[in-house]
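Open the model in your viewer and keep the sequence panel beside it. The stops below are meant to be selected one after another.

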There are 4 protein chains.
Amino acid sequence: MTDTRIAVGIVGASGYTGAELTRLLLGHGGIDIRVLTADRKAGQPMDTVFPHLAMAGLPDLVALDRVDWSGIDVAFCCLPHGTTQEVVAGLPDHLKVVDLSADFRLADPEVYARWYGHEHRAPHLQPEAVYGLTELAREAIAGARLVACPGCYPTSAQLPLVPLLEAGLIEADDIIIDSKSGVSGAGRALREGLLFTEVSEGFHAYGIAAHRHAPEIEQGLTRAAGRPVTVNFTPHLVPMNRGILSTIYVRLAAGAGADDLRAHLAGHYAGEPFVQVLPDGTAPATRHVRGSNHCLIGVFADRLEGRAIVLAAIDNLVKGASGQAVQNMNLMTGLPETTGLEQAPLFP
Amino acid sequence: MTDTRIAVGIVGASGYTGAELTRLLLGHGGIDIRVLTADRKAGQPMDTVFPHLAMAGLPDLVALDRVDWSGIDVAFCCLPHGTTQEVVAGLPDHLKVVDLSADFRLADPEVYARWYGHEHRAPHLQPEAVYGLTELAREAIAGARLVACPGCYPTSAQLPLVPLLEAGLIEADDIIIDSKSGVSGAGRALREGLLFTEVSEGFHAYGIAAHRHAPEIEQGLTRAAGRPVTVNFTPHLVPMNRGILSTIYVRLAAGAGADDLRAHLAGHYAGEPFVQVLPDGTAPATRHVRGSNHCLIGVFADRLEGRAIVLAAIDNLVKGASGQAVQNMNLMTGLPETTGLEQAPLFP
Amino acid sequence: MTDTRIAVGIVGASGYTGAELTRLLLGHGGIDIRVLTADRKAGQPMDTVFPHLAMAGLPDLVALDRVDWSGIDVAFCCLPHGTTQEVVAGLPDHLKVVDLSADFRLADPEVYARWYGHEHRAPHLQPEAVYGLTELAREAIAGARLVACPGCYPTSAQLPLVPLLEAGLIEADDIIIDSKSGVSGAGRALREGLLFTEVSEGFHAYGIAAHRHAPEIEQGLTRAAGRPVTVNFTPHLVPMNRGILSTIYVRLAAGAGADDLRAHLAGHYAGEPFVQVLPDGTAPATRHVRGSNHCLIGVFADRLEGRAIVLAAIDNLVKGASGQAVQNMNLMTGLPETTGLEQAPLFP
Amino acid sequence: MTDTRIAVGIVGASGYTGAELTRLLLGHGGIDIRVLTADRKAGQPMDTVFPHLAMAGLPDLVALDRVDWSGIDVAFCCLPHGTTQEVVAGLPDHLKVVDLSADFRLADPEVYARWYGHEHRAPHLQPEAVYGLTELAREAIAGARLVACPGCYPTSAQLPLVPLLEAGLIEADDIIIDSKSGVSGAGRALREGLLFTEVSEGFHAYGIAAHRHAPEIEQGLTRAAGRPVTVNFTPHLVPMNRGILSTIYVRLAAGAGADDLRAHLAGHYAGEPFVQVLPDGTAPATRHVRGSNHCLIGVFADRLEGRAIVLAAIDNLVKGASGQAVQNMNLMTGLPETTGLEQAPLFP
């Protein structure tokens with residue numbers, strides 16, 4: 001009997017997006033996890049690094065340069081920003097690549113250089129990379145060899161904003177995106193500011209007017225609006241593990257009201273398995289999407305005339321990272337899009 | 001085409017064990033959730049009560065006395081302790097019943113009356129009820145019509161202790177069970193002590209030498225030891241949603257050491273899909289079983305001569321409640337025992 | 001020897017603001033706590049209701065109608081909104097009253113009636129009531145008999161915004177106040193949404209475009225701007241006990257920049273013991289004011305042209321409630337304003 | 001006018017015990033903080049390292065070897081274990097030294113070497129060092145030049161156990177100390193296991209039968225019992241910032257009952273400002289001592305015959321570290337023992 005499962009390698013499997021990807025792929029059914037790399041932890045069993053993945057029979061972690069990619073169908077890259085571009089450039093051509101880093105998200109090399117502080121190291125691949133916001137680019141993703149999965153914040157911002165801009169229901173300037181994220185969005189890096197004692201029982205903003213997800217959001221909104229868009233994007237750190245809530249303040253196009261926005265989004269996402277537009281008066285909460293690939297969207301009238309409030313909630317590690325990566329892989333390999341992503345959220 | 005799925009009703013679906021059961025059954029594949037009852041919330045859609053379960057197409061909540069049980073195969077009872085016995089007595093005979101309350105756990109009606117403050121109201125059913133600690137009673141569960149699922153704390157205590165007592169590796173007296181639980185174990189009741197502000201950033205013991213799970217544990221250990229066992233059981237409340245860690249202090253039988261205990265448990269549970277005995281030096285952590293049906297067990301030598309330390313971690317809502325209930329239902333209906341329970345833990 | 005301490009009664013001492021007031025007054029030095037009322041818990045010792053206040057020798061809780069107010073100098077009212085107005089109307093005239101509820105905050109009875117759903121029941125007292133945002137109304141507070149302490153959110157919003165509007169540095173329309181609060185702001189009420197399991201590991205907005213602190217903020221900003229001001233005010237619930245961070249998006253007046261705003265605020269609050277304007281690039285965090293009467297303010301340039309971002313952090317129970325109440329009482333009784341409020345924040 | 005305040009230096013001020021000491025000393029009234037050292041952060045203002053201490057006018061951090069100790073009365077040492085002994089040996093003789101590390105806690109150099117893996121580097125100072133468990137060694141502390149403040153866990157264990165052993169009310173063997181601590185006990189070190197995402201929503205034991213606080217506890221209990229005592233000490237990590245609860249399982253001496261233990265402790269600690277023995281049926285909770293120097297003790301009868309359960313709660317950073325250090329300094333300098341430590345706990 002032939003194993004018809006798709007053979008997968010995860011590059012950079014010792015971080016949280018790698019672990020979450022592994023969790024989702026273990027429940028996928030059509031996947032064989034064949035390679036897990038982590039250069040600094042090479043040689044260790046995966047369940048030493050992530051004990052919650054014990055009992056799954058995973059391969060040990062190996063160094064990237066020891067991997068034999070023949071026989072592997074898909075590589076997921078979960079490396080830190082800036083290190084991925086050269087790695088991807090070095091992978092054999094037969095591999096489909098789903099990249100979770102920021103390296104191939106910005107189509108304009110000048111914008112990349114300005115925000116990341118160095119020239120892009122694989123510019124020849126950038127034209128090929130498809131920006132993988134699944135619901136808004138299905139066809140291109142299905143035909144892509146290299147997909148750049150969106151950042152967590154940009155996913156939460158673009159899912160509601162792109163359809164509204166395309167429909168001309170909101171103004172393209174004066175968009176304010178006040179986002180709040182759980183701590184796993186910062187990864188597993190050893191930084192003082194991520195210690196339990198520094199995060200719990202407190203709240204603050206960071207990267208104010210300087211976060212690298214701003215140009216990514218602007219790229220998507222610019223395409224949707226058909227003209228250059230600059231946004232306010234202000235991220236905050238919430239003392240919780242998972243979840244992003246973006247509270248977005250928009251100016252209505254002439255004649256439009258909050259109900260129009262809600263109705264348009266509801267129509268746009270009707271039938272979508274992972275995006276739900278909530279009825280008037282219901283606010284999305286991150287706890288209701290925890291562990292799932294869902295995005296909840298709510299729209300409220302503002303007391304400020306001519307404005308509306310749009311809220312979107314996702315799990316940053318799932319729809320904001322590894323879940324959307326699996327969703328994209330399903331499209332790229334011809335599998336049903338929801339495979340491996342059907343589990344309900346975990347609450348409480 | 002005939003629907004060969006098992007038709008299920010959940011009595012008391014508006015609490016956390018009901019919600020967790022629903023979550024697990026939605027991912028089961030072989031189940032059709034046909035009835036959800038909640039007397040005080042009758043008429044409400046399930047996703048008003050539990051928004052995380054939206055998008056699943058669940059039936060609305062109904063009052064228990066409005067349920068038509070014909071065509072239903074299995075009833076899960078998730079009612080508060082003390083109210084279940086009459087409800088179960090009133091259910092039609094064709095139903096298999098998986099009870100998550102404490103009502104049918106204590107075989108001795110006098111013990112029940114002493115700890116619960118009233119005579120049992122369905123004593124004729126008690127002889128029929130099988131105590132559903134799955135790994136230790138598979139055969140009886142498979143043949144049962146009424147299964148009493150163990151309490152969360154008793155599950156964490158008995159899984160390691162029963163095999164050790166049966167093998168005569170530990171003394172039956174002087175067992176001290178220091179348990180720590182997340183807050184969901186207390187259910188969704190409106191009590192001041194369960195408010196976020198009263199629980200977070202703090203830790204305390206409760207029900208000291210007076211918790212109703214003590215006689216349940218003693219019943220199981222008495223059977224295993226073949227003579228009356230009394231235990232110290234001291235529960236504590238941890239500022240987290242899910243998880244139980246029981247740290248158990250035992251006196252070794254003459255000639256036995258901690259390594260013998262670990263080896264015996266490892267052998268006893270070899271091949272079990274949900275119980276894992278950790279290697280020497282590795283301590284179980286609740287975060288590594290979060291959202292899963294797993295139980296992790298560790299054994300450590302004590303510096304006190306003649307003693308050992310046994311630790312067990314479970315998710316109180318899964319292996320400690322709804323997950324074990326599904327595991328038992330699988331046995332009772334002839335399904336593979338792990339169906340619906342294969343998902344990996346959620347971390348972080 | 002005469003006791004020269006001020007005799008104080010706390011009406012409604014069984015809630016969190018009552019407890020926090022007690023904590024602060026115990027460390028004040030010039031205060032004798034003589035009366036603690038709580039109608040439903042009358043007869044109980046305070047340390048049954050708040051064990052952390054044991055060892056302080058506090059009087060037992062009594063019913064309000066049993067209090068002998070002779071000999072008492074100051075009454076703090078910590079009752080729920082809507083119940084205070086009649087209570088205050090019934091207090092003897094010799095008492096100075098510091099009210100922590102919303103009952104006397106809104107000067108316009110029509111605005112009160114519209115937002116609270118009933119006519120004000122002590123309208124004759126409203127003209128007398130001084131709105132107690134201490135730094136902005138010292139003189140009036142010092143001469144007042146009845147002070148209405150500001151709400152927690154309005155304190156965090158008005159401290160930065162009022163000076164900026166008065167100076168004409170920002171536009172009066174298009175002010176967006178995205179606020180995030182710890183759970184203690186909701187009090188000790190038994191509501192499902194305040195259970196630990198419902199709050200922890202999650203984040204959501206509530207009271208969107210409908211929160212009663214909006215008109216209170218607008219009243220203050222209207223006075224400062226000299227013309228009617230409407231604001232966007234969107235509160236969110238953070239899984240932490242204490243703290244408010246308000247992220248405020250403002251439109252700059254012609255010619256003004258973020259640096260001008262920061263410089264103006266720094267000058268305005270120079271020498272203030274409890275308000276600190278942070279240097280450019282430093283963002284306020286709630287954990288750095290925990291347990292203290294401090295307010296931290298930061299100002300950032302926005303990438304949106306003509307806009308700036310103003311952030312303010314307070315402890316909702318201290319500067320947002322009981323601390324500001326003590327600060328006002330100090331002024332009303334001629335004590336140094338900082339007495340009892342000098343303690344440093346508690347971190348971690 | 002002469003400044004009669006005591007001049008203080010804090011060695012190692014950039015960790016949590018240093019910050020907590022600073023917080024307490026700022027509210028002390030009789031202290032002038034003149035020196036703050038931190039070798040790796042030398043040159044930085046203290047409020048860069050600990051923003052919650054801004055507005056206090058503290059001196060900048062300096063390197064230890066740059067300190068002029070003339071004119072300084074007391075040095076607090078908040079350095080990591082193992083580095084303190086040489087530092088203290090190098091301090092001038094006129095300084096009184098309050099050491100918060102473990103370096104001078106163990107009187108027996110062989111025990112030190114066995115548990116810390118190297119010979120003690122200032123053995124000549126060990127005979128001089130007084131073990132500073134304040135309530136149990138007041139006289140010696142008052143006369144000491146060098147005080148070794150107890151560890152956080154040992155404080156919580158010895159305060160209840162020493163008087164019980166001295167009175168012969170409990171057996172000296174078979175003492176099981178199951179302790180649970182908040183995360184600040186681990187300090188501010190960058191370790192993966194201390195990240196928010198690794199700690200929150202989880203619970204585990206660590207250092208099982210191998211924690212260095214075990215010999216420290218045993219030293220104290222051996223003195224109290226008059227014969228060698230070995231204990232079980234099992235620490236656990238609680239997802240909270242502050243607090244230790246030790247649940248201690250003891251075997252009663254012949255003829256003694258839980259009520260005798262409670263009565264003896266209540267008598268022993270009668271009049272103590274910081275130790276409170278709770279009435280029968282009341283369990284101590286860490287949240288009721290948060291931020292304070294209090295220790296709450298409860299005693300419960302066990303269902304196991306001949307056993308009792310003793311519980312003690314402290315704030316690990318206050319009574320378990322910096323608060324007890326201030327208490328000791330007060331004794332060493334002839335100040336009232338409670339100065340600077342009178343503040344009530346912070347709840348919620």
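This tour of a predicted model goes from the chain interfaces to the sheets, and then to a few single residues.

**Stop 1: chains A and C**

Select chain A and chain C together. The contact takes 49 residues from chain A and 49 residues from chain C. Between them, the two chains bury about 4,100 Å², with 56% of that on carbon and sulfur atoms.

Now look for charged pairs. The rule finds 8 salt bridges across the interface of chain A and chain C. To see a salt bridge, select Lys180(A) and Asp178(C), whose side chains meet at 3.1 Å, N to O. Residue pairs in polar contact between chain A and chain C number 31, counting pairs with both residues at pLDDT 80 or more.

Colour chain A by secondary structure next. Several elements each supply at least two residues of the side that touches chain C, among them strand E8 (175-181), helix H7 (196-199), helix H8 (213-225) and strand E10 (231-237) of chain A. By class, that side of chain A has 25 nonpolar, 11 polar and 13 charged residues.

**Stop 2: chains B and C**

The buried area between chain B and chain C is about 1,800 Å², 56% of it on carbon and sulfur atoms. Pick out Leu190(B), Leu195(B) and Phe196(B): these supply 37% of the area that chain B buries against chain C, more than any other three residues.

How many salt bridges does the rule find across the interface of chain B and chain C? There are 6. For one of them, select Lys41(B) and Glu192(C), where the closest N and O atoms are 3.3 Å apart. Between chain B and chain C, 14 residue pairs are in polar contact, both residues being at pLDDT 80 or more.

**Stop 3**

Show chain B alone as a cartoon. An open sheet of 7 strands runs in the order E9-E10-E8-E11-E14-E13-E12 in chain B, with mixed pairing. Strand E9 (204-205) and strand E12 (275-277) of chain B are at the edges with a single partner strand each, so one side of each has no neighbour in the sheet.

E12(B) pairs with strand E13 (residues 295-301) of chain B in the parallel sense, over 3 bridges. Select Val277(B), and opposite it in E13(B) you will find Ile297(B).

Helix H6 (residues 152-166) of chain B lies across several strands, including strand E8 (175-181) and strand E10 (231-237), and runs at about 35 degrees to E11(B). Helix H9 (residues 258-268) of chain B lies across E11, E12, E13 and E14 of chain B, at about 160 degrees to E13(B).

**Stop 4: a strand pair in chain C**

Switch to chain C. Strand E8 (residues 175-181) and strand E11 (residues 244-251) of chain C run antiparallel and are joined by 6 bridges. Asp178(C) has Thr247(C) in E11(C) as its bridge partner; Asp178(C) is also the residue that meets Lys180(A) in a salt bridge. Helix H8 (residues 213-225) of chain C packs on the sheet, touching E8 and strand E10 (231-237) of chain C, and its direction makes about 135 degrees with that of E10(C).

**Stop 5: single residues**

The structure holds 88 salt bridges over all chains. Select Arg307(A) and Asp174(A), whose side chains meet in a salt bridge at 2.5 Å, N to O. Arg307(A) lies in strand E14 of chain A and Asp174(A) in the loop between helix H6 (152-166) and E8 of chain A, so the pair ties together parts that are 133 residues apart in sequence.

Return to Glu201(A), found in the loop between H7 and E9 of chain A. Glu201(A) is not a glycine, yet has a positive phi of about 55 degrees.

Finish with the peptide bond from Phe347(A) to Pro348(A), which is cis with omega near -5 degrees. Pro348(A) is in the segment after helix H10 (318-332) of chain A. In chain C, the peptide bond from Phe347(C) to Pro348(C) is cis, with omega near 0 degrees.

Definitions and conventions: Residues are numbered from 1 along each chain as its sequence is written. Chains are lettered from A and ligands numbered from 1 in the order in which they are written. This is a predicted model: local features need pLDDT of at least 70, side-chain atom pairs count only at pLDDT 80 or more; totals for chains, interfaces and linings use all residues. Side-chain values use heavy atoms; hydrogens and water are left out. Buried area is the accessible area (1.4 Å probe) that two parts lose on being put together, summed over both. A salt bridge is a side-chain nitrogen of Lys or Arg within 4 Å of a carboxyl oxygen of Asp or Glu. A polar contact is a pair of N or O atoms within 3.5 Å; within protein, one must be able to donate a hydrogen and the other to accept it, and residues adjacent in sequence count only if both atoms are side-chain atoms. Two strands pair if DSSP finds at least two bridges between them. Helices (H or I, at least four residues) and strands (E, at least two) are DSSP runs, numbered from the N terminus. Contact means heavy atoms within 4.5 Å. Axes are lines fitted to C-alpha atoms, for helices over the stretch in contact, and angles run from 0 to 180 degrees between N-to-C directions. Ala, Val, Leu, Ile, Met, Phe, Trp, Tyr, Cys and Pro count as nonpolar, Asp, Glu, Lys and Arg as charged, and the others, Gly among them, as polar.
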